[in-house]
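Subject: Handover of a structure and its findings

Dear colleague,

Please find the structure below, together with its sequence. The findings follow, and I would be grateful if you could read them with the coordinates open.

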Amino acid sequence: MMTTSSISYQPYGIALLRISLGIMFIAHSVLLKLLTFGLPGTSAFFHSVGLPGPLAYVTFAAEAIGGVLLVLGIGTRFVVPALTPFLAGAIVFVHFGNGWVFSAPGGGWEYPAFLLVASVAQALLGDGAFALSQHFDRGHDLGQRTA
């Protein structure tokens, strides 16, 4: 007989974080950059804050593809570190000068900073439950060894 103390809910919490981060990256990429501002508009915005305009297209693709991979649970420990520079860039180049509160004009830096910390935590935690990588990458996750 299993008791609640013998059931580990940790993989489900890790999966919840992974899927939430993936959805956030997809929404930020597709809904904001593509559908709200358009990629040319996003490129113009990048240029206005001192970043190369073409970086908008790279950021869009990285967030969209990375978000899908996170939702599916493929390569989490590689995808998240690849996405963190985009969050750090958003903090430094876009939001830092606006102050702490994200509701400030131009958005503050606490939301992207929280996402950066959550992303680092996800990279440390790995895939969690419901990850497709569990079906083809058994034993290759950091900290796991098979006999």
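A nonpolar core is a set of buried Ala, Val, Leu, Ile, Met, Phe, Trp, Tyr and Cys residues joined through side-chain atoms within 4.5 Å. Please note that the model is a predicted one. With that definition, the largest nonpolar core comprises eleven residues: Leu21, Met24, Phe25, Leu70, Val79, Val80, Leu83, Leu87, Leu115, Ala118 and Ala123. H1, H4 and H5 each contribute at least two residues to this core. H4 provides the largest share, with four residues.

Overall architecture

The protein chain contains six helices and zero strands, and along the sequence the pattern reads α-α-α-α-α-α. Of its 147 residues, 35% count as buried. Among contacts in the protein chain with a separation of 6 or more, 63% are between residues 24 or more positions apart. The chain exposes about 8700 Å², and carbon and sulfur atoms supply 73% of that area.

Helix H4

Helix H4 covers residues 76-95. Its buried residues are Thr76, Arg77, Val79, Val80, Leu83, Thr84, Leu87, Gly89, Ile91 and His95. An α-helix has 3.6 residues a turn, so residues three or four places apart point the same way. Against which helices do the buried residues of H4 pack? They pack against H1, helix H3 (55-72) and H5.

Two residues of this region may be examined individually. Val79 is in contact with Gly66, Leu69, Leu70 and Ile74, its neighbours within four places in sequence being left aside. Val94 also lies in helix H4. At a relative accessibility of 24%, Val94 counts as partly exposed, because the partly exposed class lies between the buried limit of 20% and the exposed limit of 50%. With neighbours within four places in sequence again left aside, Val94 is in contact with Phe45, Val49 and Gly89. The C-alpha atoms of Val94 and Gly106 are separated by 7.8 Å, the two residues being twelve apart along the chain.

The salt bridge

A search of the whole structure finds one salt bridge. It joins the side chains of Lys33 and Glu63, with an N to O distance of 2.9 Å. The pair links distant parts of the chain, with Lys33 in helix H1 and Glu63 in helix H3, 30 residues apart. Side chains of opposite charge can pair when their charged atoms come close. Are the two partners buried or exposed? Lys33 has a relative accessible area of 4% and is therefore buried; Glu63 is likewise buried, with a relative accessible area of 4%. Both assignments follow because buried means under 20% relative accessible area.

Aromatic pairs

The structure holds four aromatic pairs, two of which are described here. The rings of Tyr12 and Phe130 have centres 5.6 Å apart and planes at 50°, so this pair is tilted. The reasoning rests on the angle limits, because planes under 30 degrees apart count as stacked, over 60 as edge-to-face and the rest as tilted. Tyr12 belongs to helix H1 (residues 10-36), whereas Phe130 belongs to the loop between helix H5 (110-125) and helix H6 (133-136); the pair thus links distant parts of the chain, 118 residues apart.

How exposed are these two residues? Tyr12 is partly exposed at 45% relative accessibility, while Phe130 is exposed, with a relative accessible area of 59%. Both residues also belong to a nonpolar surface patch of about 460 Å², made by Ile7, Tyr9, Tyr12 and Phe130.

Phe96 and Trp109 form another tilted pair, at 5.8 Å centre to centre and 35° between the planes. Phe96 and Trp109 both lie in the loop between H4 and H5, 13 residues apart. Trp109 counts as partly exposed, at 26% relative accessibility. Ring pairs link Phe96, Trp100 and Trp109 into a cluster.

With kind regards

Terms used. Residues are numbered from 1 along each chain as its sequence is written. This is a predicted model: local features need pLDDT of at least 70, side-chain atom pairs count only at pLDDT 80 or more; totals for chains, interfaces and linings use all residues. Side-chain values use heavy atoms; hydrogens and water are left out. Rings of Phe, Tyr and Trp (its six-membered ring) pair if their centres lie within 6.5 Å; planes under 30 degrees apart count as stacked, over 60 as edge-to-face and the rest as tilted. Buried means under 20% relative accessible area, exposed over 50%, partly exposed in between (1.4 Å probe, protein chains only). Contact means heavy atoms within 4.5 Å. Accessible areas come from the Shrake-Rupley method with a 1.4 Å probe; for residues, only the protein chains shown count as cover. A salt bridge is a side-chain nitrogen of Lys or Arg within 4 Å of a carboxyl oxygen of Asp or Glu. Patches are made of residues with over 30% relative accessible area and no salt bridge: like charges are joined within 9 Å, nonpolar side chains (Val, Leu, Ile, Met, Phe, Trp, Tyr) within 5 Å.
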